Amino acid sequence: MKFDAVGMKNRHEKIIMLTAYDFQMAKILDEAGIDLILVGDSLGMVMQGFMDTKSVTIEDMLYHTKAVSRGAKNTPVIGDMPINSYRTVEDALNNAKLFLEAGADGVKIEGNKPEQINALLDHGIPVMGHLGLLPQTAGSYRVKGKKPEEAQKILKDALDLDQRGVFSMVLECIPESLAKKITETVKIPTIGIGAGKYCNGQVLVINDMLGFDLSFAPRYLKRYANLNKIIKDAVARFKEEVSEGTYPDKEHTYH
Ligand code: KIV
């Protein structure tokens with residue numbers, strides 16, 4: 001994978017990552033020049049309408065990874081290994097290889113899974129870690145690492161992932177002070193979502209930052225657009241013009 005994660009950290013260059021699930025969005029993100037595209041299993045919510053990521057399958061992920069890879073000509077694509085796709089070392093290896101065949105440049109795994117991660121790294125598959133809130137197994141969506149023993153465990157896992165050789169790690173919904181400590185302690189870059197400003201990069205779910213579903217509003221989320229309104233306004237204009245017969249007009253008709 002052509003991505004100098006540690007170099008970027010050492011040069012204090014922030015890593016910009018966003019999710020994408022389809023060809024056109026991946027093409028836009030690629031043209032916009034971000035560093036990494038994550039085909040997140042958040043597609044379970046934003047593409048499929050489930051409450052969480054727990055029912056996303058490897059087939060779902062591969063379908064979307066193939067579409068994204070066609071659009072991301074220059075940007076490395078990371079495939080998110082869904083729940084149940086890395087229960088055993090064999091599963092992890094087989095499914096990670098399927099991600100690479102689908103066009104991904106690396107995979108992300110939630111939690112500290114030493115044997116699975118070692119196996120992927122031994123086979124030359126770049127791995128992104130993911131610590132803090134782990135949506136695939138979380139009972140509830142809350143900030144993790146507020147209690148000292150929880151914070152200790154996350155820090156220990158971060159050190160472990162770093163030593164194991166993952167190329168970067170997502171830190172999701174943890175206190176800023178903990179994210180800072182991890183970022184200062186590990187060699188690889190941290191990429192935060194709800195983890196404050198000291199991370200080496202930031203990631204957001206593209207549909208959330210573009211404001212598709214305004215009912216989803218966690219504290220960390222900043223909306224950079226209100227596509228919900230833009231789309232509804234466009235649909236209302238189309239509805240009105242078709243109803244009153246002003247569309248299609250001469251300009252939009254073949255003669
Ligand atoms: O699935 C996803 O989109 C993610 C990001 C929130 C990091 O894992």
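Reader: What makes Val170 the partner of His130?

Author: A bridge does: Val170 in strand 6 is the bridge partner of His130. This is a predicted model, where local features need pLDDT of at least 70, side-chain atom pairs count only at pLDDT 80 or more, and totals for chains, interfaces and linings use all residues. Residues are numbered from 1 along each chain as its sequence is written, and side-chain values use heavy atoms, with hydrogens and water left out.

Reader: How do you know that strand 5 and strand 6 pair?

Author: Two strands pair if DSSP finds at least two bridges between them. Strand 5 (residues 127–132) and strand 6 have five, in the parallel sense, so they pass. Strands here are DSSP runs of E, at least two residues, and helices are runs of H or I, at least four, numbered from the N terminus.

Reader: Why is the crossover from strand 5 to strand 6 called right-handed?

Author: Point the strands away from you: if the path from the first strand over the helix to the second runs clockwise, the crossover is right-handed. Here the chain goes from strand 5 through helix 7 to strand 6, and this β-α-β crossover is right-handed. Strand 6, helix 8 and strand 7 make a right-handed β-α-β unit too.

Reader: How many bridges join strand 6 to strand 7?

Author: Four, and the two strands run parallel. Met169, for instance, stands opposite Thr190 in strand 7.

Reader: Why is Ser168 called buried?

Author: Buried means under 20% relative accessible area, exposed over 50%, and partly exposed in between (1.4 Å probe, protein chains only). Ser168 has 0% relative accessibility, so it counts as buried. Contact means heavy atoms within 4.5 Å, and leaving aside neighbours within four places in sequence, Ser168 touches Val127, Met128, Gly129, Ile188, Pro189 and Ile191.

Reader: Which residues of strand 6 point which way?

Author: Ser168, Val170 and Glu172 point one way, Met169 and Leu171 the other, and all are buried. In a regular strand the side chains alternate between the two faces of the sheet.

Reader: What puts the buried residues on the same side of helix 8?

Author: In helix 8 (residues 176–185), Leu178, Ala179, Ile182 and Thr183 are buried. They cover an arc of only 135° around the axis (taken from the directions from the helix axis to the C-beta atoms), which puts them on the same side of helix 8. On the other side, Ser177 and Glu184 are exposed.

Reader: What do the buried residues of helix 8 pack against?

Author: Helix 1 (5–10), helix 7 (148–164), strand 6 (168–172) and strand 7 (190–193).
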